[in-house]
Amino acid sequence: MDRIIRFAGVTKRYETEDRVVAIDSVDLEISRGERVAIMGPSGSGKSTLLNLISGLDEPTSGTVFFEDRALSEMNDNELTLMRRKKIGLIFQTFNLLPTLTATENVSLPLRLDGMRRRTANARAVELLTRVGLNERLTHRPDELSGGERQRIAIARSLVFNPPVLLADEPTGNLDSHTGADIIELLDKLHDEFQTTVVLVTHNSSAAEHCERRFTMLDGKIVSSNE
Amino acid sequence: MNSGLKLVTLRQWSRHKLRLSLTVLGIALGVAVFFAVRTTNRTLVDSLNSTIEKLAGKATLQIAAGDEGFPVDVLKTVRATHGVELAEPVTETIANTVEPANEKLLILGLDVGSDLKLYSDLFEEGDMAIKNPLAFTSRADSIAVTRKFADRFSLKDGDTLRLQTLTGEKTFTVRGVFRSEGSGEIFDGNVAVMDIAAAQSAFGKTGKLDRIDVMNSADVPTDELAAGLRSQLPAGIKVVRPNLRGQALENAVSSMHFGLTIMSFLALTICIFIIFNSFSISLNQRWKEIGILRAIGVDRGGIMRMFLTEAVVLGVIGSLLGIAGGVGLARVAIIVVSRVTATFYGAITSGKAFSIDYVFALEAVGIGIATSILAAWLPARAASHLRPVLALTNIETRQKEYGLNKIRIIIGVGFVIAGLLLVRYSRAGIGMNIQMFYFVFVQFGMILLLPMFIRLGSKVLRPVLGKLFGIEGIIAVETMAAAPRRTVSTVGALMIGLSFVIAHAGFIQSQKAALDHSLDKTLGADFVLSSSNQLNARTYHFSEATAERLAALPEATATDVISVSAVELGGEEISLMSHKMDAYFTMSPDLLDYGDPAPARAAAVHGEGALISNNLSFRANLKLGDRIRIDSPTGTLELPIVGMFDYFRSEKGTIFIDRELYKKYWNDSRVDYVFLNVKPGTDRGVFKQKIQDTIVGEQAFVYTHEEFKAWASRLIDQFFALTYLQMVIAILVAAIGLVNTMVISVSERRRELGIFRAIGGLRRQVAKMVMLEAVAIGLIGLFTGVITGLFSAYFLVNTAAKVVAGFTINLVFPYSITLMSIPLVLAVAALSAFFPAFNAARIRIAEAIGYE
Ligand SMILES: Nc1ncnc2c1ncn2[C@@H]1O[C@H](COP(=O)(O)OP(=O)(O)OP(=O)(O)O)[C@@H](O)[C@H]1O
Ligand SMILES: [Mg+2]
């Protein structure tokens, strides 16, 4: 199968007083279209792993490859453009810009890319409709519920139809019912676009939706369902 | 403050060092300006007084009659008056030196042959190193200088000194050196003593005295003696206590004080904005922390105290730094002020450096702290009223900042309109203290309207910046509009700073335009000769013979001969100009604003009427046909007012009389200006040279009509030299406010910027956004600043100029400064946003979007 993400002996250390090893010589391959769930206790390195994939963080040693290109060879602009177009990011705390409306939040990455406002907004409305928020187009984040905000975040992550979606506890701040809706939405989107999904979650029923499941502990992948 | 809260505060400080430094800097600037202004005012007054006192020596009374002096016979009358123990004649001349070059030397003509008891501190035995008093007095070229002056130019006994005198350059011989104390201390030691007879003849004062210093005998009280002397002497000769002469000078410089005081309040207002800004920002940075503190049991009072204690501590540190800075600022200001004082009021300040007044220092610290508390009050209150649940719920659920408030807008518009109407329609005589409130009304109203202006501004700027700069422009405008509190205080600081600049530029330009217009009407002459390049020509005068030689030139068609002096009218020093009225009217046919030209001319020429300036008419409530009484050294002159016109020489007012009348009453034939009209077709350059050749040996400044106007315009610039300094400070303070905001805007929005970067915003897009936000704030600040500036200029023109000097001038829109301020503001905005933008671009994304 076509490999999209590869970790080769990746270690991430934080040089704090007690020298935390957040990721400890991890080797990992993720194929295009695959769904991967990462579980593990708090502080085991899950978020760090996602940050390394998206280039928000750099490994202390080892190499991260995205579409067979080493991230360490890319400059900041290339990394940014990769994030903009190839990776959708979804966070536990939604991370929407509070001053922008739902449509504006979703169309922002397109407009950063130079797309005209009208076109970008039309595309944003299309995606918001797909996530079921066509009634909330001009609301600002603080006027919306947690579930609705996460849908906006998902819509935003999909504007470029990216091959990879990285979701860090997307249901962590939501009640179980809303959380289940969000997971269902991700399922639907995966079926539609064959997006690669890396899902960090504490919720094992959410993890059940993924073909591959890892557990992390102290920066190492300690078990998988393979 | 409780130690737990102290810990929290200290931790905050160590994390936000930049915000703290900028806040402290803001306070320091406000306090520095305040302290410097008070110190400068005080130093100026002290130094004027000490000059007078030192010149007076031990005298208890002084007899004087203004610049042109009085007849020497007065001395006899004084000495014969009962109760006079000692009476010493004095002449005072400020001479220009030729060798060493270009120094101004105050030359006291004293009766060196007497024992100079009144000046014994100056010439203490053994100190007045006149080896041979007889030789000193018997030789007319003898001069004694201060030790300081002698040292500065390495002069010894027997060395020579060249001075400009009435009859050309003359060489004097140093035959004595005296201590640089008492009189020797004033004027930075540039003081010399000559024998009075020699001084009189060298400086055209033969038969005249400038002053008599008097000491009363033990049995007659000073006041009684003063009364006795007054009854003996003509009204034009004044008998005063030396310290009252200082009072008169203080009065003369009052308009300058007024300007300085406005400046110090301006600085404090901007200071309030900066502190308010800083604390609002601190509140924004800490709202979550405060929510948690409230949730774990800190009460409202505790939060409030935490903020206010911080304000006090910052206030103390800022004020102390401010005083240090204020001392430096005062040094510069004093130099500028002394120069202005000497040029415009002919008053000499002693070069004595100021001493730090501890009361002022304490006051300044007090004001600094009070300002900090005042400015921190609202944010502190807001912090203490924060609802803990809000802070603890989701990160995006921010407490909504206040929106547009209709009532606020109505009140704001009300204040602005009320202020403007009051400026327009209230009586001028109501007094500056009350009129200041009109100005405050307008400013206050504009501040209330700021949120509205920001809302409007963002509506206008959003599409414009969007078109020009794309999405970064739009986000920049939105971020600005989304945080009205932060934006309001920055725009406010910019607005006040810029309005000050615009207002004063408008004021200065209006004055120049008025002066230009007035000079066109009142100075029709083709050529102007002046004995001085300063306004108050105390240094040097032409002789009448010179004027006659010029009048005799074949090209000259009309010659007006003018001397300038001063008279006292209603307790104020009014400028008195004597003209050859016939020539004056010929040269300036359009002279009068009020009065029938033909009869006015006839009356003036025959010495049967006086002309006055419009500002004197306004200030002294004089109308056409009123009779004014002018005290001269030989008696009182009473004349009807036959004409009035705009004339800006003196803030107190000007009277014009015919030269023959002046010569008769003042016994003074010295000449300060000569106006010449020449035959049509005369070559200006050639004739100018011809004038120079005719008056060879005299110190003279020859101007064509245009050159003279340019000179007068430069004089206005000099008068406002201090204002230009103030403008620079205003811009500086506003820039600090802007830097403060941008730094904080970035640190506050770290998370947002992190998200922006995470979803694909490039570094340069982030930097661009931050820069554009500053530009947007700058543009709104500029817009509101120009509006407020025009309102303030309207106030200055209608109120300040009118009340302080009685000048009626029309407001001129300061196009050039306004246009210049656009790139200036943009540059300041870009500059102050540069480092914040750079930092924003380098933000560590993973950390910035971390959960806390
Ligand atoms: N910026 C940082 N500096 C120092 N240590 C860090 C930093 N970021 C993370 N760590 C440490 O790295 C380790 C892994 O952190 P990470 O956020 O990846 O854990 P996680 O598995 O996502 O935990 P959670 O389920 O609580 O989100 C933790 O021990 C954490 O303390
Ligand atoms: Mg995590």
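This is a predicted model: local features need pLDDT of at least 70, side-chain atom pairs count only at pLDDT 80 or more; totals for chains, interfaces and linings use all residues.
Me: What is the distance from an oxygen atom of ligand 1 to an N or O atom in the side chain of A:Lys46?
Reply: Polar backbone atoms also lie by the ligand: one of A:Ser44 is 3.2 Å from an oxygen atom of ligand 1, and one of A:Gly45 is 2.9 Å from an oxygen atom of ligand 1. For A:Lys46 the atom belongs to the side chain, and the distance to an oxygen atom of ligand 1 is 2.7 Å.

Me: What percentage of the accessible area of ligand 1 does the protein cover?
Reply: On its own, ligand 1 has 630 Å² of accessible area. The part of this that the protein covers is 67%.

Me: Which strands are the edge strands of the six-stranded open sheet in chain A?
Reply: The sheet has mixed pairing and the strand order 6-7-8-3-9-10. The twist from one strand to the next averages 20°. Pairing on one side only marks the edge strands of chain A, which are strand 6 (87-90) and strand 10 (220-224).

Me: What angle does the direction of helix 5 of chain A make with that of strand 6 of chain A?
Reply: Helix 5 (residues 146-157) packs on the sheet of chain A, where it touches strand 6 and strand 7 (164-168). The angle between its direction and that of strand 6 of chain A is about 170°.

Me: Which residue in strand 10 of chain A is the bridge partner of A:Met216?
Reply: Strand 9 (residues 212-217) and strand 10 of chain A run antiparallel and are joined by four bridges. In strand 10, the bridge partner of A:Met216 is A:Ile221.

Me: Which residue in strand 11 of chain B is the bridge partner of B:Gln62?
Reply: Strand 1 (residues 61-64) of chain B points B:Leu61 and B:Ile63 one way and B:Gln62 and B:Ala64 the other, all of them buried. Strand 1 pairs with strand 10 (residues 211-216) of chain B in the antiparallel sense over four bridges, and there B:Leu61 has B:Val214 as its bridge partner. Three bridges join strand 1 to strand 11 (residues 238-240) of chain B, also antiparallel. In strand 11, the bridge partner of B:Gln62 is B:Val240.

Me: Is A:Phe94 buried or exposed?
Reply: Most residues other than glycine have a negative phi. A:Phe94 has a positive phi of about 65° although it is not a glycine, and is found in the loop between strand 6 and helix 3 (102-112) of chain A. Its relative accessibility is 1%, so A:Phe94 counts as buried.

Me: Is B:Asn621 buried or exposed?
Reply: B:Asn621 is not a glycine, yet has a positive phi of about 55°. The residue is found in the loop between helix 20 (614-620) and strand 16 (627-632) of chain B. Because its relative accessible area is 56%, B:Asn621 is exposed.

Key:
Residues are numbered from 1 along each chain as its sequence is written. Chains are lettered from A and ligands numbered from 1 in the order in which they are written. Side-chain values use heavy atoms; hydrogens and water are left out. Two strands pair if DSSP finds at least two bridges between them. Helices (H or I, at least four residues) and strands (E, at least two) are DSSP runs, numbered from the N terminus. Axes are lines fitted to C-alpha atoms, for helices over the stretch in contact, and angles run from 0 to 180 degrees between N-to-C directions. Contact means heavy atoms within 4.5 Å. Buried means under 20% relative accessible area, exposed over 50%, partly exposed in between (1.4 Å probe, protein chains only). A polar contact is a pair of N or O atoms within 3.5 Å; within protein, one must be able to donate a hydrogen and the other to accept it, and residues adjacent in sequence count only if both atoms are side-chain atoms. Accessible areas come from the Shrake-Rupley method with a 1.4 Å probe; for residues, only the protein chains shown count as cover.
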